[in-house]
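Colleague: Can you walk me through this one? I have some questions.

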Amino acid sequence: MPSFSTLAAVSLPLIRLVSAHGYVAGITVNGGSWVEGSNPNWFYQPEGDVPETPGWQAENQDNGFVAPDSFATADIACHKSATPGQTYVEAASGDTLTLYWNTWPDSHKGPIINYLAKCSGECTSASAGDLSFTKVSEGAWLSGSDPGDWVTDTLIAQNFTSDFEVPSGLAPGNYVLRHEIIALHSAGSENGAQAYPQCINIKVGGSGSTSLPRVSPPPSSTRRPIPVSSSASTVRLTATRSPAQRSGAAKPMCPATLFLDPLVDGLDMV
Ligand SMILES: [Cu+2]
């Protein structure tokens with residue numbers, strides 16, 4: 001059994017790191033004026049005291065993450081027990097949204113992925129678990145190894161910002177953007193990957209006509225539980241692979257890239 005001093009030595013750096021996790025504090029459209037995103041501190045404040053913003057609020061007061069053993073729950077959609085943002089970011093198809101994280105730790109390297117879900121009515125009254133997300137863009141490993149240069153390093157270098165382009169031609173309507181970082185520094189351990197999803201309501205204008213595809217979940221026979229309770233010593237996050245990935249037709253991005261496509265239905269290791 002470890003002595004108390006050993007435990008203390010191990011836990012202190014962890015406490016320090018937790019406070020360094022981030023959230024999307026604000027958004028600009030085409031470099032325009034600042035739109036407030038969200039803040040974990042608002043979750044428990046009385047309703048009237050919370051600013052109305054497009055950012056969803058969640059029970060992530062520790063600035064923490066959603067672990068793989070929750071990937072089959074609604075928490076993976078917009079973070080823990082999320083409630084919808086009460087306004088929208090107004091944008092047109094083809095516009096660039098810049099998402100400002102308040103901070104991000106250098107050690108938390110991994111993919112940054114953007115999904116959109118169309119709301120059937122107002123996103124301001126949507127439920128996270130009812131949204132059907134389609135992956136729109138992704139970035140992950142860039143160069144080097146152990147662990148090399150990742151898009152999260154780019155985010156840090158760009159003043160903690162990440163750009164998202166609203167797909168050109170996207171039909172007007174109310175959408176939820178699901179912007180997610182998956183930190184992989186602990187992904188070698190079972191249940192060790194860390195998902196940091198952030199949701200933002202977007203009202204898309206313009207005259208586009210392209211709808212998001214409706215993706216059917218893969219047959220249950222191709223799914224395995226998440227996390228896979230295997231004793232293998234490698235990354236254990238694996239569920240279904242798309243047919244293209246199974247046949248090898250899909251180009252792997254790097255040896256440790258996680259794909260969540262479509263949301264909840266399959267988490268693939270490539
Ligand atoms: Cu962390």
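Colleague: Is N63 buried or exposed, or partly exposed?

Modeller: N63 counts as partly exposed, because it has 16 C-beta neighbours inside 10 Å. A residue is buried if 20 or more other C-beta atoms lie within 10 Å of its own, exposed if 12 or fewer, and partly exposed in between, with C-beta atoms placed from the backbone. This is a predicted model, where local features need pLDDT of at least 70 and side-chain atom pairs count only at pLDDT 80 or more, while totals for chains, interfaces and linings use all residues. Residues are numbered from 1 along each chain as its sequence is written.

Colleague: Where does N63 lie, and what is its phi?

Modeller: N63 lies in the loop between β2 and α2. Its phi is positive, about 55°, although N63 is not a glycine. Helices (H or I, at least four residues) and strands (E, at least two) are DSSP runs, numbered from the N terminus.

Colleague: What about N191: what is its phi?

Modeller: Positive as well, about 65°, and N191 is not a glycine. N191 is in the loop between β10 and β11. N191 counts as partly exposed because 17 C-beta neighbours fall inside 10 Å.

Colleague: Changing topic. What pLDDT does the protein average?

Modeller: The average is 80, and 71% of the residues score at least 70. pLDDT is the predictor's confidence in each residue, from 0 to 100. Over residues 1-18 the pLDDT is below 50, and that stretch has five contacts beyond near neighbours in sequence. Residues 225-270 are also below 50, but in the model this stretch has 85 contacts beyond near neighbours in sequence. Two residues are in contact if their C-beta atoms, placed from the backbone, lie within 7 Å.

Colleague: How many helices and strands are there?

Modeller: Four helices and 13 strands. Of the 270 residues, 37% count as buried. Among contacts between residues at least 6 apart in sequence, 71% join residues at least 24 apart.

Colleague: Which residues touch the most other members of the largest nonpolar core?

Modeller: Y175, V176, L177 and I202, out of 49 residues in that core. At least two core residues come from each of β1 (24-29), α2 (75-78), β3 (89-92), β4 (96-101), β5 (112-118), β10 (173-183) and β11 (194-205). A nonpolar core is a set of buried Ala, Val, Leu, Ile, Met, Phe, Trp, Tyr and Cys residues joined through C-beta atoms within 7 Å.

Colleague: And what does Y175 touch?

Modeller: Leaving out residues up to four places away in sequence, Y175 touches L116, A117, K118, C119, C123, I202 and V204.

Colleague: What is the strand order in the open sheet of four strands?

Modeller: The order is β2-β1-β4-β9, with antiparallel pairing. β2 (35-36) and β9 (161-165) are the edge strands, each pairing on one side only. Two strands pair if DSSP finds at least two bridges between them.

Colleague: How many bridges join β1 to β4?

Modeller: Five, with the two strands running antiparallel. T28 has T98 in β4 as its bridge partner.

Colleague: Last one. Which residues does the cis peptide bond join?

Modeller: D146 and P147, with omega about -10°. P147 lies in the loop between β7 and β8.

Colleague: G148 is found in that loop too. Which residues does G148 touch?

Modeller: W141 and S143, not counting residues up to four places away in sequence. G148 is partly exposed because 13 other C-beta atoms lie within 10 Å. The C-alpha atoms of G148 and K109 are separated by 9.0 Å, and the two residues are 39 apart along the chain.
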